Amino acid sequence: MKNLEVGKQLRAVRTAFGLSQRELAKRAGVTNGMVSLIEQDRVSPSVGSLQKILAAFPMTMAEFFTRNMELGGNVVFRAHELPDVGTGNIE
């Protein structure tokens, strides 16, 4: 990723998954202000903060730094990454 533009990459990933900043923040357990500041490249997230945010997506940190989401294209999930919603107890 050119110059480690974490903010641009986070925005691209978030929009590819169809999440608002507020929804991403809620899922990640961070403030929406933090998400906004990161996406604007006004702050650099700590490794721990970035891990919390990326936990809202089916994506590892390695995938985050190697994917070029700005090129568009499909977001592909492997079979083992899909949640099992058809068996067991559902709460």
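**Reading the chain**

Mentor: Let us begin with contacts in this predicted model. Among contacts in the chain between residues at least 6 apart in sequence, 58% join residues at least 24 apart.

Trainee: How many helices and strands does the secondary structure of the chain come to?

Mentor: There are five helices and zero strands, so that the order from the N terminus reads α-α-α-α-α.

Trainee: At what angle do helix H2 and helix H3 pack?

Mentor: Helix H2 (residues 21-28) and helix H3 (residues 32-39) pack at about 115°, and their axes are 8 Å apart. Gln21, Arg22, Leu24 and Ala25 of H2 meet Asn32, Val35, Ser36 and Glu39 of H3. By type, the residues of this contact are three nonpolar, three polar and two charged.

Trainee: How many aromatic pairs does the structure hold?

Mentor: Rings pair if their centres lie within 6.5 Å, and the structure holds two such pairs. One of them joins phenylalanine 17 and phenylalanine 57, with 5.0 Å centre to centre and 40° between the planes, a tilted arrangement. Phenylalanine 17 lies in the loop between helix H1 and H2, and phenylalanine 57 in the loop between helix H4 and helix H5, 40 residues apart.

Trainee: Is phenylalanine 57 buried or exposed?

Mentor: Buried means under 20% relative accessible area. Phenylalanine 57 is therefore buried at 5%, whereas phenylalanine 17, at 22%, counts as partly exposed.

Trainee: What of phenylalanine 64 and phenylalanine 65?

Mentor: They form an edge-to-face pair, 5.1 Å centre to centre with 85° between the planes. Phenylalanine 64 is buried at 0%; phenylalanine 65 is partly exposed at 28%.

Note on methods. Residues numbered from 1 in each chain as written. Predicted model: local features only at pLDDT ≥ 70, side-chain atom pairs only at ≥ 80, totals over all residues. Heavy atoms only, no water. Axes fitted to C-alpha atoms, helices over the stretch in contact; angles between N-to-C directions. Helix = DSSP H or I, 4+ residues; strand = E, 2+ residues; numbered from the N terminus. Contact = heavy atoms within 4.5 Å. Nonpolar A, V, L, I, M, F, W, Y, C, P; charged D, E, K, R; others polar. Phe/Tyr/Trp six-rings, centres within 6.5 Å; stacked < 30°, edge-to-face > 60°. Buried < 20%, exposed > 50% of the residue type's maximum accessible area, 1.4 Å probe, protein only.
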